[in-house]
Amino acid sequence: MPLGLDLQGGIDLTLEVELDEALLSQANRDMAYLEPSAAKYDPPMTLAGVKRERAEPIIRIRTEADLGDLQGFIADQFGGTYQYLDDVTDDDGTWHRFGMLSDHQTTIQDEAVDQVLDVLRRRVADTGVRDPVVVRKGGGKISVQLPGLEDTTQAQNAIGRSAILEFRLKDHDFDQNRANRLFDKALKAVPADQRMDDKNLNRWLWDNKELPENRVLLSQWEDLVDEDTGEMIHRRTGLPLVLEPVVLTGNDVNDAGSSADQLQRWGVNLSFKPQGANTFCNITTERVDKQFAIILDNEVQSAPSINEPICGGRARITMNDDANAREEAKTLATVLRTGALNAPVSIGGVRQIGPSLGADAIRTGSIATVAGGLVVLLFMALWYRLPGLIANVALVLNVLLVLAG
């Protein structure tokens, strides 16, 4: 008989889907193919620039085309889910702003929660936990109950990890010395408790016009053991990279698996869906001898150079060389194989429920069952004598046959 969380204990996770980020992610996906689509539109249209406003699902477009033609193009591309707002002017010129309709925003948020719910169920199933419970709560929250699981860290890594995977090209026109100076400048300006997150550094650089908003400055990270304390520390390594907009995401990944290479370095092998494979092939063909970055949850995992066109639809993420590399590779492969999330997910609460109450319930229930059964058998034997004994034998045999079945 399977025992639930209340009887055998386990872990109760509350996950919160970041609904605002779901809207921004959708806007990013919507604008990704605007420029090539405009070139094929009838009549063809040239877009001088496309970008998204930082904190809102609003797309900015710079073009010399007629406004009416541009509105028709946007309506054809998005089926009336964006509306024209106004135009703004900056140093680059005039931008036309198109905002996502509120009804469509609600739909995107609901679909994001449903997608996260579906992905979490696949991830939970992949962990092998028996009789898990994954249910949707209000306000973008999801409850995950894992009976029998005791390691909260393992549960959070395997289930609660966002695994937002991105592929970006390095901006080789941006001087590396300047990137280093901007990085140091942002580190000094941002409060000490916010310096570990590159998002805060980029926000300061954008606010102070030090970095274009269609560029992002990210660091590479590594896990090391502190020689003095013996604790694992997470620190930046290498030079910061200025990267171009996203060209591929986790949604383009078809399958993932973990393995060690010839040097016994663990990593995750990726295979792309057809459209993602074609995009990756075109990019690597055009950018030979250039560098691109594989980014996971806003941290650069690796930044290899493109030595030749990669048209087989495959790529590899090499993990940090530490004692947990194998488990990290397996966990990441599971997360990517079962599906990347369209929106980030944060851990709202973690409860580890002990089995003491369940053990008491099972023990008292067993005592009650045995005691009650003995009382029945004794009463039947004393009251009915021989027929009662025959009935007792029949009852015991019946119970044994039911258990055997």
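This is a short tour of a predicted model, from the whole chain down to single residues.

Local features need pLDDT of at least 70, side-chain atom pairs count only at pLDDT 80 or more, and totals for chains, interfaces and linings use all residues. Residues are numbered from 1 along each chain as its sequence is written, and side-chain values use heavy atoms, with hydrogens and water left out.

**Whole chain**

Show the cartoon. The protein has 12 helices and 16 strands. Both are DSSP runs numbered from the N terminus: helices are H or I of at least four residues, strands E of at least two.

Switch to the surface. Of the 405 residues, 39% count as buried (under 20% relative accessible area, 1.4 Å probe, protein chains only).

**Largest nonpolar core**

Select Leu 165, Phe 167, Val 268, Leu 270, Phe 272, Phe 280 and Phe 292. Of the 23 residues in the largest nonpolar core, these touch the most other members. Such a core is a set of buried Ala, Val, Leu, Ile, Met, Phe, Trp, Tyr and Cys residues joined through side-chain atoms within 4.5 Å. Elements giving two or more residues include strand S8 (165-170), strand S12 (266-272) and helix H9 (274-286). Helix H10 gives the most, with four residues.

Now centre on Phe 292. Beyond its neighbours within four places in sequence, Phe 292 is in contact with residues including Phe 167, Lys 170, Phe 280, Pro 304 and Ile 306. Contact means heavy atoms within 4.5 Å.

**Second core**

Select Ile 11, Leu 120, Val 134 and Ala 343. They are among the members of a second, separate core of 21 residues.

**Val 113**

Go to helix H5 (residues 102-127), where Val 113 sits. Val 113 counts as buried because its relative accessibility is 1%. Leaving out residues up to four places away in sequence, Val 113 touches Val 17, Leu 19, Arg 136, Gly 140 and Ile 142. Draw a distance to Arg 136: 8.1 Å, C-alpha to C-alpha, across 23 residues of sequence.

**Lys 51**

Finish in strand S2 (residues 47-52), which holds Lys 51. Is this lysine buried or exposed? Lys 51 counts as buried, at 16% relative accessibility. Not counting residues up to four places away in sequence, Lys 51 touches Met 31, Ile 58, Ile 59, Arg 60, Asp 90 and Trp 95.

Methods: Buried means under 20% relative accessible area, exposed over 50%, partly exposed in between (1.4 Å probe, protein chains only).
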